[in-house]
Amino acid sequence: PIHDTEFLGQMKEHLAGEGKYLGTIKRMTGMLTLAEEELPDIPLFYELSTLSKTIHCTCPPLAIFRSAILNAGYRVSLSHVCPKSIKTNAPPSVVWDVMRRWALDNGAKLREPDTVAGILLRKQPTLAVDFTLHPLAKQDPDVLRFPPNPEPHWGPKARAGKRKPDSPGGDSGAKARKTPKKEPLHDLKLFSCKRFEMNQCDLGDSCRYSHNTKENNLENANTEAELNNSMVSSEILGESVTSDTAS
């Protein structure tokens, strides 16, 4: 068996008598109750959401599914692993008969015959499924078998330093990372606009490229090159004059 039911019972009695001062007594009592109710001789479990996904249907309510298994004469319980888990001594054929009946009664579409869902839904049931609510299928809502999260949207948060200061919940001390803008390598006005040459550019002077002819662009480029050469020559001449004066 997975759990020692006698030991679980003793722990519940201890909490009922001397654990009233504990702030988490409801959570501990619920978890002990869940372990005490779990079938000790069934090692594996089904998950209703996975069964529903396999045949493409809505997930049945837990009490309805448990009632169908109990009405068929089998035992059923939850598992401590997840809230939508089912432990039962019913064979898989009975479990799939219940899911098949639920899917067909709730408008599930028949899939292609060569798919898993199509094969399962087309198989003839061997059990008359009864979804009448069984007394043992009801659970006390005051017992917290699976405690809820302490607050809405509870869970891991984003790493520090990744949010902008003005973003909701962002750290005011965190600095937003800005990518420096790269300066253009060339003056784009030195290059002619290809769209203008094909009579497709309507931007006019706001265009980043030149709307002059290629000959004018070439003359501008030569003029700029001559200015650069003259500036370099002036610098060289100034350095030579400085050196002669120093000597």
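**A close look at helix α3**

Tutor: Happy to! Helix α3 spans residues 48–55, and its buried residues are Leu48, Leu51, Ser52 and Ile55. They line one face of the helix, because seen down the axis of α3 they fall within an arc of 95 degrees, taken from the directions from the helix axis to the C-beta atoms. Buried here means under 20% relative accessible area (1.4 Å probe, protein chains only), while helices (H or I, at least four residues) and strands (E, at least two) are DSSP runs numbered from the N terminus.

A word on the model: it is predicted, so local features need pLDDT of at least 70 and side-chain atom pairs count only at pLDDT 80 or more, whereas totals for chains, interfaces and linings use all residues. Residues are numbered from 1 along each chain as its sequence is written, and side-chain values use heavy atoms, leaving out hydrogens and water.

Now for the surroundings. The cover over the buried residues of α3 includes β1 (46–47), α4 (62–71), β3 (85–88), α5 (92–105) and α6 (116–122). Ile55 is also among the residues with the most contacts inside the largest nonpolar core, alongside Cys57, Phe65 and Ile69. That core has 25 residues, a nonpolar core being a set of buried Ala, Val, Leu, Ile, Met, Phe, Trp, Tyr and Cys residues joined through side-chain atoms within 4.5 Å. Two or more residues come from each of α3, α4, α5 and α6, and α5 gives the most, with six.

Just after α3, His56 takes a positive phi of about 60 degrees. Leaving aside neighbours within four places in sequence, Cys57 is in contact (heavy atoms within 4.5 Å) with Ser52, Met99, Trp102, Ala103 and Ala108.

Methods. Buried means under 20% relative accessible area, exposed over 50%, partly exposed in between (1.4 Å probe, protein chains only).
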